[in-house]
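Okay, thanks for coming, everyone.

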Amino acid sequence: GRRVMLKRSAVWPRGGAFLALAILLAPHHVPSTSGLPVQGPKEGEKAWNSPENDLFRKLGGGQGREEKADQGFTKSKIPFVVDVPPVVLVPGIGGSIMVDPKSQLRVWIRLYEAEYYFKRFMWGVWNSTTRTLDPLKGQPRVEPLLTGHGLDAIRNLDPSVHWPIYDYVSYFDSIITTLEYNGWVPGLNLFGVPWDWRQSMCWPQTLERLKETVLKAQRLNQGRKVKLVSHSMGALVMKCFIATYPEVAEQTIGSWVSVAAPWQGASAKIYTELLQGYNLGNIVLDPACAKGVSMVSPSVYELLPSGTFDWVDPPLINLRMQGVPLSFKPSGPQRYDIPMRNANLNYTVVLPDSGTVLPEGFNEECFALSEESRDRIRSVDLPPGVKFYNVYGVNQTTPLMMDYGSVSDWAELMTKEVRFFSGDGDGTVSTESARSHGLKAAGELPVDSTHVGMLMDKVVLSYVYDFLYDRL
């Protein structure tokens, strides 16, 4: 068999502040946008905002894009009109604010009373008929926040938080702010597509919202094709969208840049999610509490390392069971699902308020659905004419192997301190997975940055800006 090339090792105690799978907790500063110039239309190009354009006149002509109640646009951040392409942003797992749609109560992400709201609103029960995560009895079905043309849910994941810990919840804020101060207007040529990241990456509701958004963005910009910017698992959502709506994708998408995508799955850290729990970077949420969602979330299973990919350094789970060395891989007779299944045989959650004990072991139906989803996108290709760019992280310590040492019982895997051996990547996704997209890329950019830090990195911001103006 193959051997993993190990760079370094570290011991991470259970319940520690792990690097985030989707909301990486590393301090980042929102960069200044002053270095990115405002650019007008290309010479000879008929812009959407030309004087003869009806939409341009409705927005106030050369006086700037003042908001009109019947249009629903947000007022421009700058006092003049520039020609910019429509942009749609697609977040990753954990990267959308979730709310009770009736009361607009924010239940994810929140740092105040996080566990109380997480258990009551984010926990759920698996529905075998619809293959979705349903709310607990008596609780509302939470949804992603949809205000602000989809941008409010992905800009800052806890708007109540300010300095000095703002950087921990900032997400797409740097990109959105940069675009707003360079002429993009939310609701006119700038949109977000938040999604319920507990469901499958190919969940019909998510794909339908993405379809409606790109069609709207194209319609409001005189048929101009849309530029997509995805982060992390948002890239897999994009592949599901192309597989489900190939004609719409070809009609609406002009180019796409993916940042920090787990093309072949996340690193060995994803194993932790289904064994000991993982708080997705919410520093005040107990990983054991987060596990109550992970066990019935198809998206988590979809991030397990691909079993059909020809790994050079496959993510591993190593242990010695009663003196016998065992190594579990993404494929083969000793696959990673074996320890997950055995460790969680008697796993239960205690429901809030009622105290009901609910068995919640390794979910075979979620696992089967994840296999179907990955099969569905494995052979997806780019629509004709679409230019694709891939940005990935390097030089960050990224777990490639979990080493439990000696254990006497499978249940120990849920509580025993584990040692991670690491390799190259962005801290969450290995470089090998992040580069293996299987698409014809017009450009690749390795960045010395963390998984979420890339969204705030000046090199990435400049790259995205050049991407938007076809300068790559």
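Predicted model: local features only at pLDDT ≥ 70, side-chain atom pairs only at ≥ 80, totals over all residues.

Aspartate 173 counts as buried because its relative accessibility is 9%. Aspartate 173 lies in helix H4, residues 173-180; helices here are DSSP runs of H or I with at least four residues, strands are E runs of at least two, and both are numbered from the N terminus. The side chain of aspartate 173 makes a polar contact of 3.2 Å with that of arginine 155. That term means a pair of N or O atoms within 3.5 Å, where within protein one must be able to donate a hydrogen and the other to accept it, and residues adjacent in sequence count only if both atoms are side-chain atoms.

Residues are numbered from 1 along each chain as its sequence is written, and side-chain values use heavy atoms, leaving out hydrogens and water.

Zooming out, the protein has 14 helices and 18 strands, and 60% of its 472 residues are buried.

On to the sheet. Six strands, in the order S8-S2-S9-S10-S15-S18, form an open, parallel sheet; two strands pair if DSSP finds at least two bridges between them. S8 (190-192) and S18 (443-447) are at the edges with a single partner strand each, so one side of each has no neighbour in the sheet. Inside, S2 (residues 87-90) and S9 (residues 226-231) share 4 bridges, with valine 90 opposite serine 230.

Over at S18, 5 parallel bridges link that strand to S15, residues 387-393, and tyrosine 389 partners glycine 443. Which residues of S18 are on the covered face? Those are Gly443, Leu445 and Val447, while Glu444 and Pro446 make up the uncovered one.

Last stop, isoleucine 317. Beyond its neighbours within four places in sequence, isoleucine 317 is in contact (heavy atoms within 4.5 Å) with residues including Tyr271, Leu275, Phe328 and Met402. As background, nonpolar side chains tend to be buried together in soluble globular proteins.

That's my tour; happy to go back to any part.

Technical notes
Buried < 20%, exposed > 50% of the residue type's maximum accessible area, 1.4 Å probe, protein only.
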